[in-house]
Amino acid sequence: MESGEKTEILVEDLSIGYGSNVLMEHLNFEVKSGEIFCIMGGSGCGKSTLLKHIIGLYLPLRGDILIEGESIVTADESRKRAIMRRFGVTYQGGALFGSMTVAENVALPLQEYTDLSRDEIAKRVEEKLKLVDLSGFGDYMPSELSGGMRKRAGLARAMALDPRLLFFDEPSAGLDPITSADLDRLILRMRERFGSTIVVVTHELDSVFTIADRVIMMDKKARTIVASGDPVELRDHCPNRLVRAFLTRDGLKREMRDVDVREVE
Amino acid sequence: MAEPASAGTWMQSFLAALAGPVIFIGRVASIVPLMRQRKQLRLRETAYYLDLCGAKSLPIVLAICFLMGLVMAVNGEIQLSKVGQEIFVVDLVGFAVLKEFGPLMVALIATGRAGSAFAAEIGTMKVDEEISALATMGIRPEAYLVLPKLLAMLLALPVLTVFGDAAGILGGMVIGVTSMDIPIAAYWSRTVESLDYMTFLLGAAKSFAFAVVITLAGCYYGFVTRADAQGVGRAATSAVVASIFLVVIVDVIITILYSFIGY
């Protein structure tokens, strides 16, 4: 499915950080409708922090974030919650509520925001669990699931209200390559079936080349975005040597070796 | 001039430390009206906390209050026997238990059981990003997590206080009957004579204030838990220490207020 021309998320001159500690500044990018957009960068550069700013959990130091044309930064509490209801977010560990079964977790947004009957909710929950290949696991507690299953259950919950925007925070973290590839296929399936706009925070190259339409690359030292565009284009033609190296496993190893040698010299 | 600067810095840190709890209390206060909506009451969660804070705390409340009444009677007997007024042990135990020690001991037990549990539970949810998940579902975490606990504590603590009061008086009665040879019926009628309903009601009324303080302190420290290895443990400890301190402060304030109306 091709991404549309409508801008779903617009980030304008954003600076993020904690207190006086600036993590990233002058961030500018947009995410188009139906696009799978990856936020990349080394560990600790602020990828997940940026995601938490986009979904309205943190306030930026400066700049603005527009969701479907509406600022989530300046919105009041009730407006912000209304914007947030358009999101589906899956967190690194799944963030399922440990005191509820998987089915109860998925049912929670439906109970909160719809007037569906108990039977209708149960039916909808089963549909969502089937979508993420977890049929029959509704009565399990989150602690009884594997890491990959927890993330898929988290995705089922995120999909409960059929959101237009889906966010994934490190979906591959802690997963083996096969489970990780399954999750990538699931992300692509979500886009194909529902036309969702998807933002993924990751540094897994396999995932990036499998799912991403466009990426931005953040750099800890530069404290900003150092490259953006099609991942294959960036890997092959980006003028920034470190970006090319990051997007090539062998290149990165060579780069690291050279850095080590330079440091020794 | 170093001193004004350090005083300024101290005041700045003090105000900064105060800002978090004040904002939290404001956020909780803003969701209290939601309690009128049945959906927001979350009866299942409220029942769970009622069981945790109430039913499961009852044995320890009964045991401690009984022993406290017993100790108070023993000490009262020793002192009052010096002036030949042992019978006033009944008044002493009844008044002290109903007005002061019953509600206070129940609050301290609830602090250890519920306050620390609230902080640990919310802290763990924060570390596991469950609170972020709630927020991004458009659900106010305070409404979802604090209201059921607050409601359960407001229901459980006064009831536990009544049981604690009864156990304390029973403890005093055991000493009165066994050590001071006061017949049970005489001990009971003296207790009823010496106390009035207001003493009981004013004592029990304190438990509502204690319930609010313990719940807010426990939940607050849960919400500010740091996502590191010691974070949850530290939150639980801080919740207990702060709750005990605040319960005693609130007790002092209420006692002073009661003194204005002659109680």
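**Close-ups of a two-chain predicted model**

View 1. Tyr18(A) has Asn21(A) as its bridge partner in β2(A). Helices (H or I, at least four residues) and strands (E, at least two) are DSSP runs numbered from the N terminus, and two strands pair if DSSP finds at least two bridges between them. This is a predicted model, where local features need pLDDT of at least 70 and side-chain atom pairs count only at pLDDT 80 or more, while totals for chains, interfaces and linings use all residues. Residues are numbered from 1 along each chain as its sequence is written, with chains lettered from A and ligands numbered from 1 in the order in which they are written. Two residues sit between the strands of this hairpin, and Gly19(A) takes a positive phi near 60° there. Strands β1 (residues 7-18) and β2 (residues 21-32) of chain A run antiparallel and are joined by eight bridges.

**View 2. The four-stranded sheet of chain A.** Here the open sheet has the order β2-β1-β4-β5, with antiparallel pairing. Its edge strands are β2 and β5 (70-71) of chain A, each pairing on one side only. Helix α1 (residues 47-54) of chain A packs on this sheet, touching β1, β2 and β4 of chain A, and its direction makes about 120° with that of β1(A). For such angles, axes are lines fitted to C-alpha atoms, for helices over the stretch in contact, and the angles run from 0 to 180 degrees between N-to-C directions. Five bridges link β1(A) to strand β4 (residues 62-67) of chain A, again antiparallel. Look for Leu10(A), which stands opposite Leu66(A) in β4(A).

**View 3. The six-stranded sheet of chain A.** Now the strand order is β6-β7-β8-β3-β9-β10, in an open sheet with mixed pairing. At the edges are β6 (87-90) and β10 (224-229) of chain A, each with pairing on one side only. From one strand to the next, the twist averages 15°. Helix α6 (residues 177-194) of chain A packs on the sheet and touches β3 (36-41), β7 (165-169) and β8 (197-201) of chain A; its direction makes about 160° with that of β8(A). Strand β9 (residues 214-219) of chain A pairs with β10(A) in the antiparallel sense over five bridges. In that pair, Ile216(A) has Ser228(A) of β10(A) as its bridge partner.

**View 4. Where the two domains of chain A meet.** Domain 1 (1-86 + 165-230) and domain 2 (95-162) divide chain A; the bounds come from an automatic or database domain assignment. Ten residues of domain 1 of chain A are in contact with ten residues of domain 2 of chain A (contact: C-beta atoms, placed from the backbone, within 7 Å). The largest share of the domain 1 side, five residues, comes from α6(A).

View 5. Ala73(B) is buried because 27 other C-beta atoms lie within 10 Å (buried: 20 or more; exposed: 12 or fewer; partly exposed in between; C-beta atoms are placed from the backbone). Leaving aside neighbours within four places in sequence, the contacts of Ala73(B) include Val89(B), Val93(B) and Ile175(B). The C-alpha atoms of Ala73(B) and Ile175(B) are 6.3 Å apart, although 102 residues separate the two along the chain.
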